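Student: Could you take me through one part of this model closely, beginning with a single residue and its surroundings and then moving outward to the strands, the ligand and the contact between the chains?

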Amino acid sequence: MSIKVENLSYIYMKDTVFEHKALDDVSFEIKDGEFLGLIGHTGSGKSTLIQHLNGLMKPTSGKVFIDEDDINSKTTVKKTIRERVGLVFQYPEHQLFEETVFRDVAYGPKNLGLDDNEIENRVRFALDMVKLDYNEIKDISPFDLSGGQKRRVAIAGVLAMKPKILILDEPTAGLDPRGRDEILGEIKELHETHKITVILVSHSMEDIAKLVDKIIVMNKGKIVFIDKPSVIFRESLMLESIGLGVPQATKLARELKEKGLDIGECLSIEDAKLQILKVLRSKKND
Amino acid sequence: MTNMIKTESVKHEYTSHTGKSIMALNGIDISIEKGEFVAILGHNGSGKSTLAKHFNALLLPNSGTIMVKNIDTKNEEMLWEIRQIAGMVFQNPDNQIVATIVEEDVAFGPENLAVESKEIRKRVDEALKAVDMYEYRKHGPHLLSGGQKQRIAIAGIIAMKPECIILDEPTAMLDPSGRKEVIDTIMKLNQEEGITIVLITHYMDEAVNADRVYVMEDGMLVMDGTPKDVFSQVEKMKSLGLDVPQVTEICHELRKEGIKLPADILTVEEMVVELCRLK
Ligand SMILES: Nc1ncnc2c1ncn2[C@@H]1O[C@H](COP(=O)(O)OP(=O)(O)OP(=O)(O)O)[C@@H](O)[C@H]1O
Ligand SMILES: Nc1ncnc2c1ncn2[C@@H]1O[C@H](COP(=O)(O)OP(=O)(O)OP(=O)(O)O)[C@@H](O)[C@H]1O
Ligand SMILES: [Mg+2]
Ligand SMILES: [Mg+2]
């Protein structure tokens, strides 16, 4: 499924002293099956933007299309949009409200009108994706869980809906490193095998560099760049000037290059290892 | 040296809503010196937040003792003293916001401590400047973005001038420069004001700045040492579900290929120096 955003602007608390333009004439397109990263300083408008993509927020001006449907037109059924576009909120644990983990994860599938058998399958699938043991956790109250465990349950609740477009707002904040790598790995695989469209909002430049095909960079409510990770992370000074950064591996490569070593762009640990080995080994053979 | 926090054989058991019991802390002995900067790492559910809540008497142990500046946290009469010595910034800033205007929110703590109003004004301004949110002082905190809220929560604690600040994943929602500001702020408070810091984090590169790193697993402390001691054990950290800074891992990979580098490189700067020496 594709997404098209045209000249989208959003003003919070319009006509009050607190009036704030959170989105300023934003336009972009995401093709079906793309894995997109959305980065930007805190307050740059990322959460505001993605809440427009499933109709939770209405633009002050501009349009949002999912495939061909203008999602804010009167003839579009809101419910069908929310079924197609799954959104994991920035603080998803606030949305946990059921008595058990099972019922919480089952909430969405139930609303889709699925039968009990399929609901259970969905819950098992989703808990497995977030690396929680179904039998161990299904009857526990979400309120008895640690911060990271709650977050996993909240992510599972959206995955259980099997949306065609999956939007994740800082999904890994609060997850431990292994959980972060495993859950992002599962999402990447879901993206590859089921060709779903994914939008990942993250402050982790490392995760973004590792996962996405394309990055949108936001600054003060505007889109300032859209490009491949290898191109975006070449601009480390620009990124730093707007509150962002580059992965440590990229920074290392850049500083080694400044010292005269023949090292190109690096986005990952693997890249850096190979490039540094090449340089060191060629020196030895000289 | 004097102890800020000292625990002995602390155990804590939760009984869940379904009646099952979970041993969240299973014999913790830790002693944190005054002025020390300590980082606590561990996978989800390992007991970090539970331990942190014992440090300012939000939770009491089922057995064992916790002393905060030699005050037993079980001593109910001393509760306010303890909370004034050890201030806490939680995992989630939303739960900590109490007022409808940012500066009132930051003033809430010192007001409860009955600080006089001129001094409160001064502390609020300083705290907001320290987290770079001064220009938002008249805003509504509920209307700020996630990262901005986190900085307000930290300012609220700074304004109470505690001797020890416990931060439970304070940077989880911040952008890279926001994270750096908070860590710089924490280090400044530690180095210039001598405030004892306990930082719980899932970001390994933040723990690099600590004097001492503790690793938790299943309610127990399983590793402790300087950041260099702990992070140079790359395989062990990974087996505990944790990680090391990217440069430390690159260094580890290069060492496996036979490149002669020290095992305990933690920063890009150190790595650049070592690699330039080799070429
Ligand atoms: N309900 C609201 N009312 C008024 N202003 C708001 C509201 N929610 C957000 N804002 C403001 O709009 C701007 C964009 O906020 P948004 O939450 O979209 O940022 P973000 O990029 O998601 O930030 P973060 O990385 O911190 O989550 C911020 O300046 C914020 O203060
Ligand atoms: N209020 C509670 N009632 C019952 N069990 C709880 C409660 N709070 C936490 N637990 C359990 O205690 C254990 C330790 O939880 P704690 O919150 O201390 O972990 P943590 O290390 O802070 O994890 P995270 O990294 O996810 O924040 C977990 O197994 C958790 O499920
Ligand atoms: Mg946000
Ligand atoms: Mg915790």
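Tutor: Leaving aside neighbours within four places in sequence, Thr73(B) is in contact with His54(B), Ala57(B), Leu60(B), Ile66(B), Val68(B) and Ile82(B), in what is a predicted model. Thr73(B) itself sits in the loop between β5 (71-72) and α2 (79-85) of chain B, and it counts as buried because 24 C-beta neighbours fall inside 10 Å, where 20 or more are needed for that label. His142(B), by comparison, is 69 residues away from Thr73(B) in sequence and 33 Å away in space, taken from C-alpha to C-alpha.

One of the contacts of Thr73(B) is Ala57(B), which deserves a separate look for its backbone. Most residues other than glycine have a negative phi. Ala57(B), however, has a positive phi near 65°, and its place is the loop between α1 and β4 (63-68) of chain B. Ala57(B) is buried, since 22 other C-beta atoms lie within 10 Å. Lys161(B) is another non-glycine residue with a positive value, its phi being near 45°, and it belongs to the loop between α5 and β7 of chain B. With 20 C-beta neighbours inside 10 Å, Lys161(B) also counts as buried.

Let us turn to a strand of chain B. Strand β8, residues 196-200 of chain B, is largely enclosed by the rest of the structure, because five of its five residues are buried. In a regular strand the side chains alternate between the two faces of the sheet. In β8(B), Thr196(B), Val198(B) and Ile200(B) point one way, while Ile197(B) and Leu199(B) point the other way, and all are buried. Strand β3 (residues 37-42) of chain B pairs with β8(B) in the parallel sense over four bridges, and among the residues involved, Ile40(B) has Ile200(B) as its bridge partner. Strand β7 (residues 164-168) of chain B also runs parallel to β8(B), joined to it by five bridges, with Leu167(B) standing opposite Leu199(B). The chain passes from β7(B) through α6(B) to β8(B), forming a β-α-β crossover that is right-handed.

The ligand brings both chains into view. Ligand 2 lies between chains A and B, and of the 19 residues that surround it, the closest are Ser146(A), Gly148(A), Tyr14(B), Ser49(B) and Thr50(B). Two or more residues of this shell come from each of α6 (147-159) of chain A and β2 (21-33) and α1 (48-55) of chain B. By class, the shell around ligand 2 is made up of twelve polar, four nonpolar and three charged residues.

Finally, there is the contact between the chains, which takes 47 residues from chain A and 44 residues from chain B. On the side of chain B that touches chain A, at least two residues are supplied by each of α5 (146-158), α6 (176-193), α10 (246-256) and α11 (268-278) of chain B. That side of chain B has 18 nonpolar and 18 polar residues, together with eight charged ones.

Key:
Residues numbered from 1 in each chain as written. Chains lettered and ligands numbered in written order. Predicted model: local features only at pLDDT ≥ 70, side-chain atom pairs only at ≥ 80, totals over all residues. Contact = placed C-beta atoms within 7 Å. Nonpolar A, V, L, I, M, F, W, Y, C, P; charged D, E, K, R; others polar. Buried ≥ 20, exposed ≤ 12 C-beta atoms within 10 Å, placed from the backbone. Pairing = 2+ DSSP bridges. Right-handed = clockwise from strand over helix to strand, strands pointing away. Near = placed C-beta within 6 Å.
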